[in-house]
Amino acid sequence: MNVSDYFWNASIEELKKGYIQKSDSYICLLCGEKIEKGIIYTHEDVLYEAERYMRIHIEVTHLSVFEYLIGLDKKLTGITDHQNHLLRLFYQGKSDKEVQEETGVGSTSTIRHHRFALKEKERQAKTFLTMMELLKEKDQYAPAFIAPHKTARMVDDRYNITAEEQEEIIQKFFPEELNGSLRSFPPKEKQRLVILREVTKKLENERTYDEKELNHVLKDIYEDYALIRRYLIEYGLIDRKVDGSRYWLKK
């Protein structure tokens, strides 16, 4: 499984912690960092067992699970920019009066109304989640959709992809006779998404590439490596420094 698969398949309790437990390790749901069990880890000259070290990793790397989740695209969180701002302030422990003064919105009663609206959204989410869980037990014809990657810049109809469609697209554009090379760059957005995600499998998760190194990897896949590189960035699959000197996989 990749990071997005672990993330979307995790329970609410696992998401709240920010990691899942496997037989031999703990895996960060936010970036895929793997901490092996049975090993003592050091942080700032203090020794920690694996699970405690995973919690430190989340604090140091992501600040908190809340900070990571609130930073996701609004299509993934379902909240508006205004709600996002309010949630950040509430999470900081600010009172209604402090929030009103900082946002300059209405009065304290207005902020209280926003709190109520968010609570209503929570109740709706719980109800909907329960219905969807019950639906899984009955809907035998539901296709297996491929979950969007968490770093997607825009979640739209391009992500309406089933596992079967994904396999067909991969076989069409990455035929076995080409040994990992791309036959052609897909003309359709949905096809591009599948192929670009497949291309990322050729890149190492923890590695930072300079432009020459990245071009070398991509050129083995498709002759117009600059085109592939541009679309990988556009689709939020890789990131780079402003000057284009370093590239890495987004998690």
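Which helices do the buried residues of α10 pack against? The legends below take up this question and others, starting with the whole chain.

**Figure 1. Overview of the predicted chain.** This is a predicted model: local features need pLDDT of at least 70, side-chain atom pairs count only at pLDDT 80 or more, and totals for chains, interfaces and linings use all residues. Residues are numbered from 1 along each chain as its sequence is written, and side-chain values use heavy atoms, with hydrogens and water left out. The chain has twelve helices and eight strands (DSSP runs: H or I of at least four residues for helices, E of at least two for strands, numbered from the N terminus). Its C-alpha atoms fill a box of roughly 65 × 50 × 45 Å along the principal axes. Of the 251 residues, 37% are buried (under 20% relative accessible area; exposed is over 50%, partly exposed in between; 1.4 Å probe, protein chains only). Among contacts with a separation of 6 or more, 46% join residues 24 or more positions apart (contact: heavy atoms within 4.5 Å).

Figure 2. Helix α10 spans residues 189-199 and is mostly covered, with nine of its eleven residues buried. The buried residues include Leu 193, Val 194, Ile 195 and Leu 196. The buried residues of α10 pack against α9 (163-173), α11 (211-219) and α12 (225-234).

Figure 3. Thr 200 sits in the loop between α10 and β6 (208-210). Its relative accessible area is 14%, so Thr 200 is buried. Leaving aside neighbours within four places in sequence, Thr 200 is in contact with Leu 232, Leu 237 and Leu 249.

Figure 4. Most residues other than glycine have a negative phi. Glu 44 has a positive phi, near 50°. Asp 45 also has a positive phi, near 65°. Glu 44 lies in the loop between β4 (41-43) and β5 (46-48), and Asp 45 is found in the loop between β4 and β5. Glu 44 counts as exposed because its relative accessibility is 66%. Asp 45 counts as exposed at 77%.

Figure 5. The whole structure holds 15 salt bridges (a side-chain nitrogen of Lys or Arg within 4 Å of a carboxyl oxygen of Asp or Glu). In one of them, the side chains of Glu 67 and Arg 88 meet at 3.5 Å, N to O. This pair links distant parts of the chain: Glu 67 is in helix α4 (residues 65-70) and Arg 88 in helix α6 (residues 81-91), 21 residues apart. Glu 67 is partly exposed, at 29% relative accessible area. Arg 88 is partly exposed, also at 29%.

Figure 6. The side chains of Lys 136 and Glu 133 meet in a salt bridge of 3.1 Å, N to O. Lys 136 and Glu 133 are three residues apart in α8, so about one helical turn separates them. Lys 136 is exposed, with 61% relative accessible area. Glu 133 is partly exposed, with 39%.

**Figure 7. Two further salt-bridge sites.** Arg 207 forms a salt bridge with Glu 204, the closest N and O atoms being 3.5 Å apart. Arg 207 counts as partly exposed at 31% relative accessibility, and Glu 204 counts as partly exposed at 45%. Asp 96, Arg 112 and Arg 115 are linked in a network of salt bridges.
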